[in-house]
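Me: I'm new to reading protein models. Could you walk me through a few features, one at a time?

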Amino acid sequence: MADSPLLFTLASLFLLSMLIFSSAMTVTKASCDSGPVKPTTPLVTFLEQLQQTALTTFGKTHFDPKLYVDLALKSDLSLTQHAFHKLPRSAKGSTSVSDLNEFLHDYFEGAGDDVVLAQPEDYVPEPEEFLPKVKNPEVRAWALEIHSLWKNLSRKVAGGVRKRPEFHTLLPLPEQFIIPGSRFREVYYWDSYWVIRGLLASKMYDTAKAIVTNLIFLIEEYGYVLNGARAYYTNRSQPPLLSAMVSEIYKRTGDLEFARKALPALVKEHEFWNSGIHKVVIQDDQACNHTLSRYYAMWNQPRPESSTTDKELASKIESVSEKQRFYREVASTAETGWDFSTRWMRNHSDFTTLSTTSILPVDLNVLILGMEHDIAFLAKVIGDSSNSDRFLKASKARHKAIKSVFWNAKKGQWLDYWLNDSTCISEPQTWEARNQNQNVFASNFIPLWIESLYSDTSMVEKVTRSLQSSGLLRAAGIATSLTNSGQQWDFPNGWAPIQHMIAEGLARSGSKEAKLVGEDIAVRWIRTNYKAYKKTGVMHEKYDVQKCGEFGGGGEYVPQTGFGWSNGLVLAFLEEFGWPQDRKIDC
């Protein structure tokens with residue numbers, strides 16, 4: 001009995017330590033589940049409130065939520081907020097149309113006023129040796145019209161953005177840039193690759209370099225290339241193609257200093273995609289670990305540019321934590337560039353089942369493999385043997401990982417891989433065949449774009465036959481998926497990046513059969529762009545591949561025109577494949 005107080009004390013200490021341990025474990029799990037969130041700006045937060053009021057006041061007809069977060073202030077935010085809160089409101093939060101219009105006129109510059117038209121200094125109406133393989137005069141005349149559109153889409157940041165950056169959501173990029181067009185008034189990350197391919201065909205090397213300089217500026221400022229050059233895009237990136245831009249420009253110009261300046265930013269971007277929340281380790285059946293990457297936005301609220309839309313989509317989700325999870329999945333899907341598609345949904349008929357952070361995407365990892373090849377190449381040409389060797393080694397490891405995790409020999413395709421748990425992935429996950437997504441998407445064929453994959457002729461021929469029997473090849477190009485969901489990155493839409501990566505990879509392979517299929521895809525795509533242009537007088541963001549000459553639809557905004565990457569790809573395809581004198585352009 002003399003030991004009882006001691007036993008009681010030891011028992012109490014044990015219970016206390018268990019409580020502390022349990023509490024610590026709970027905190028650890030919570031932080032693992034929650035994920036990072038990048039802070040927004042006071043202006044963006046206020047503009048989201050304005051966006052909601054505009055919706056309740058003006059109604060849904062022709063309403064574009066992005067318009068309101070692109071507005072720039074005329075005076076201090078505090079004064080603007082004060083005037084906003086003084087507006088008379090109904091019980092539902094709306095104000096009168098006249099009151100809101102007057103407020104918008106008095107306190108804001110127009111959306112798009114923070115960028116100004118800028119004539120590219122390297123633009124000439126007909127560049128020397130422009131598209132030498134294009135022999136058909138009708139096609140050549142059209143190509144020169146497309147070339148001339150660079151003047152319409154060239155912009156620079158207005159002086160006021162640098163003087164009062166807190167008045168703007170537009171970021172103060174240092175150089176001129178090319179916008180996609182229509183509602184997209186700023187530079188976008190992955191769009192810029194196909195813009196640059198077109199600029200190179202147009203011999204506009206300085207404009208191409210200026211775009212890269214702007215994207216490097218974003219890496220230096222934020223640690224990664226943003227989705228787009230707006231304050232509300234700081235929480236996510238987009239498919240990583242900067243190294244491919246730098247590599248293409250270097251191969252055309254031989255500009256060593258340009259390559260040397262770009263290399264540190266490329267290494268920094270590689271680190272972003274291969275660490276922290278983006279890094280996932282999969283252990284194969286031989287107990288070999290493979291490091292791969294996923295999309296994961298640093299955000300768990302409605303996207304500011306689509307805040308009203310996201311809130312409506314989440315309206316039936318009751319739990320706050322589940323809403324936050326859904327909002328992160330929406331933002332992560334926007335990071336993929338494929339926003340939106342059944343590719344990212346567990347249930348194709350239920351948008352709230354978006355689960356992008358639970359997927360290892362084929363195309364993201366293939367683009368990072370390309371990045372590793374590019375960095376190794378660029379480091380070698382500037383004499384940096386250490387980085388060249390390091391990234392050559394990294395590329396070999398990722399090549400092996402892509403084969404182990406994504407390749408499906410039976411289908412002759414590379415398939416996205418579903419993770420068992422997307423929240424806590426500090427430990428390697430064991431590869432399971434059933435976790436490969438068996439559905440057919442155009443992304444299953446994008447690995448063809450990378451030289452170390454298209455150089456395997458027997459594999460390319462197998463994949464080519466798989467593509468031909470997949471149902472994706474249509475009259476006017478490659479469909480994004482086989483599911484007609486109403487989402488814009490699903491059937492029947494075709495997009496410039498998809499056509500280009502698959503067609504170019506096939507055409508550059510050693511297989512005669514694959515080369516013919518690649519050229520056929522390019523011909524179909526050029527024809528549908530031509531016919532739609534002749535019918536409508538504009539280039540379109542996307543096309544309906546079921547019928548030649550039809551532009552695409554679906555998604556969360558009306559079809560857009562302009563259009564940066566569509567223009568760029570037409571010029572790039574015509575440069576690569578040409579157009580014989582006797583080949584008809586009509587379809």
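Me: Which side chain does the side chain of D384 make a polar contact with?

Reply: A polar contact is a pair of N or O atoms within 3.5 Å; within protein, one must be able to donate a hydrogen and the other to accept it, and residues adjacent in sequence count only if both atoms are side-chain atoms. Here the side chain of D384 pairs with the side chain of N387, at 2.9 Å. This is a predicted model, where local features need pLDDT of at least 70 and side-chain atom pairs count only at pLDDT 80 or more, while totals for chains, interfaces and linings use all residues. Residues are numbered from 1 along each chain as its sequence is written, and side-chain values use heavy atoms, with hydrogens and water left out.

Me: Where is D384 placed?

Reply: Helices (H or I, at least four residues) and strands (E, at least two) are DSSP runs, numbered from the N terminus. D384 sits in the loop between α14 (362-381) and α15 (385-405).

Me: Why does D384 count as partly exposed?

Reply: Buried means under 20% relative accessible area, exposed over 50%, and partly exposed in between (1.4 Å probe, protein chains only). D384 counts as partly exposed because its relative accessibility is 22%.

Me: Leaving aside neighbours within four places in sequence, which residues is D384 in contact with?

Reply: Contact means heavy atoms within 4.5 Å. With those neighbours set aside, D384 touches L263 and A379.

Me: Now the sheet: what is the order of its three strands?

Reply: Two strands pair if DSSP finds at least two bridges between them. This open sheet runs β3-β4-β5, with antiparallel pairing. Its edge strands, β3 (115-117) and β5 (177-178), each pair on one side only.
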